[in-house]
Amino acid sequence: MNKYLRAALATLAFIAALLLVYYVHMRQFRVNVVLYASILDAIIAVVVVFAGLYALKWFRDFSRLELIQLAAIWLLGGYVFAISVPTVIDRSLSFYILEKLQQRGGGIREDAFRQVFTEEYVREHHLVEVRLTEQLQSGTVEIHDGCVRLTARGERLASFGRFYRQNLLPTHRLLMGQYTDALTDPFRDSRMPSDYRCQ
């Protein structure tokens, strides 16, 4: 059997292992952050499949460089899976819109979407709790005496995000039929209805 076929079959084994590890992890174990857990699943699948196939001498014809490349491809594939499937479905407002339309019989009045987002989306998806948990686990915020504060890491990440948004996001983005730069500075017309800052 040539190396290409061996690599392809090994990759199929990795995909099967990744999906199995992911399923067991999500259904049977505690998960703090879906993205981080999914990346961990990819690493576990790489280690298990690589070690198993190596022990079976499946890779006997492969050079060290080819083995490193194969492992790197699998890790990148696992990362793409983690970002593109569970994380997108877990976080995506776009998926929520589709699911909400389906739940409400296939259609919702356009003028009701602000109400749907503020009164249903935030509550149904426990948005505040989920996002604060993610930030706490990432070390970007800390909570003391009911006050959520940026850590030094959070400050750096916020500055990077703001810089990227203002300088590298599209300045002619289509929003409901019009091209605008509104999302390069979403705080442009920001108002604080009441002073909710920590004292």
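Q: Which helix gives the most to the lining of the largest pocket?
A: That is α6, with 4 residues. Keep in mind that this is a predicted model.

Q: What volume does the largest pocket have?
A: About 810 Å³. Its lining has 15 residues. Closest to the centre are Arg131, Arg165, Leu183, Pro186 and Phe187.

Q: Which helices each supply at least two residues of that lining?
A: α2, α6 and α7 do. α2 covers 34-55 and α7 covers 152-168.

Q: And by class, what's in the lining of the largest pocket?
A: There are 8 nonpolar residues, 5 charged ones and 2 polar ones.

Q: Is Glu134 buried or exposed?
A: Glu134 has a relative accessible area of 6%. The cut-off for buried is under 20%, so Glu134 counts as buried.

Q: What does the Glu134 side chain pair with in a polar contact?
A: With the side chain of Arg91, at 3.2 Å.

Q: Leaving aside neighbours within four places in sequence, which residues is Glu134 in contact with?
A: Val33, Asp90 and Arg91. So Arg91 turns up both in this list and in the polar contact, while the Glu134 it meets is buried.

Q: Switching topic. What's the volume of the second largest pocket?
A: About 560 Å³.

Q: Which residues line the second largest pocket?
A: The lining is Leu93, Ile97, Glu110, Phe113, Arg114, Phe117, Thr118, Val122 and Met176. By class, that gives 6 nonpolar, 1 polar and 2 charged residues.

Q: Where does the largest share of that lining come from?
A: From α5, with 5 residues. α5 spans 113-124. α4, at 93-103, also supplies at least two.

Q: Now the inside. How many residues has the largest nonpolar core?
A: It has 18. Those with the most contacts inside it are Phe14, Leu18, Val49, Phe50, Leu53, Phe59 and Trp74.

Q: Which helix gives the most to this core?
A: α2, with 6 residues. α1 (3-28), α2 and α3 (64-91) each supply at least two.

Q: Take Val49. Which residues does it touch, not counting those up to four places away in sequence?
A: Val49 touches Ala10, Ala13, Phe14, Ala17 and Trp74.

Notes:
Residues numbered from 1 in each chain as written. Predicted model: local features only at pLDDT ≥ 70, side-chain atom pairs only at ≥ 80, totals over all residues. Heavy atoms only, no water. Buried < 20%, exposed > 50% of the residue type's maximum accessible area, 1.4 Å probe, protein only. Polar contact = N/O pair within 3.5 Å; in protein donor to acceptor, adjacent residues only side chain to side chain. Contact = heavy atoms within 4.5 Å. 1 Å grid on protein atoms, 1.4 Å probe; cavity = no way out; pocket = protein on both sides within 12 Å on 5 of 7 lines; lining within 4 Å. Points joined across faces, edges and corners; volume = space filled by probe spheres on them. Nonpolar A, V, L, I, M, F, W, Y, C, P; charged D, E, K, R; others polar. Core = buried A, V, L, I, M, F, W, Y, C linked by side-chain atoms within 4.5 Å.
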